[in-house]
Amino acid sequence: QVQLTESGGGSARSGGSLRLTCVASGSIYRSGFTIDSMGWYRQAPGKERELVAVISYGGHTTYLDSVKGRFTISRGSAQTTVTLQMNNLRPEDTAVYYCNAETTWSTELDSYEHDYWGQGTQVTVSS
C-alpha cells in the first residue's frame, strides 16, 4: 500500500501565501512501481472536487485556470514528494486540498494502475 501524508494547510489573509507538501510512503520502492503523476485537488463546501495542479514524472505541469500565475507545483528529485506553493491567495481558494498520486505497478505478467489520495488539509483564506 501507499500512503500520502499532507502538511502545510492553515489560514491566511487574502494576498498571503501558504505551502502544501505531500509525501508518499509505504510500498513505493518495490520493483516495477512508478508514481506517474502527483497533484493537488480541492473541494469547497457544496462544490465538486476539482483539479488544482498536477505534475507528471517528466515535470510537465497543468494548472486550473484560476490559479495560473499564483500557484506553483513541484516534485522532489526522488519523485516521491509534491509541493504546492500558493501565493496571492484569494477567499475563493478556501477548500480542503487533497494530494493525489497516479501510480503504475508493472510485473512480468501485467500492469496495474491505481490512484492514491491523502486525507486532505484545510486551507482557509479570509478577506
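Strands here are DSSP runs of E with at least two residues, numbered from the N terminus, and two of them count as paired if DSSP finds at least two bridges between them. What you have above is a predicted model, where local features need pLDDT of at least 70, side-chain atom pairs count only at pLDDT 80 or more, and totals for chains, interfaces and linings use all residues. Residues are numbered from 1 along each chain as its sequence is written, and side-chain values use heavy atoms, with hydrogens and water left out.

Let's start with strand 9, which covers residues 95-106. Strand 9 is tied to strand 4 (residues 33-43) by ten bridges, and the two run antiparallel.

Strand 10 spans residues 111-117 and pairs with strand 9 in the antiparallel sense, over seven bridges. How many residues does the hairpin use to join strand 9 to strand 10? Four residues make that link.

Strand 11 (residues 121-126) is another antiparallel partner of strand 9, joined to it by three bridges. There, alanine 95 has valine 123 in strand 11 as its bridge partner.

Here are those pairings of strand 9, side by side.

| Partner of strand 9 | Bridges | Direction |
|---|---|---|
| Strand 4 (residues 33-43) | ten bridges | antiparallel |
| Strand 10 (residues 111-117) | seven bridges | antiparallel |
| Strand 11 (residues 121-126) | three bridges | antiparallel |

Four strands make it up, in the order 1-3-8-7, with antiparallel pairing. Strand 1 (2-7) and strand 7 (71-75) are its edge strands, each pairing on one side only. On average, neighbouring strands of this sheet are turned by 15° against each other, direction ignored; the axes are lines fitted to C-alpha atoms, and angles run from 0 to 180 degrees between N-to-C directions.

Inside that order, strand 3 (residues 18-26) pairs with strand 8 (residues 81-86) over six bridges, in the antiparallel sense. Leucine 20 has leucine 84 as its bridge partner in strand 8, while valine 23 is partnered by threonine 81 of strand 8.

Strand 8 also pairs with strand 7 in the antiparallel sense, this time over five bridges. Serine 74 finds its bridge partner in threonine 83 of strand 8. Which residue takes a positive phi in the hairpin of strand 7 and strand 8? That is glutamine 79, with phi near 65°, in a hairpin that has five residues between the strands.
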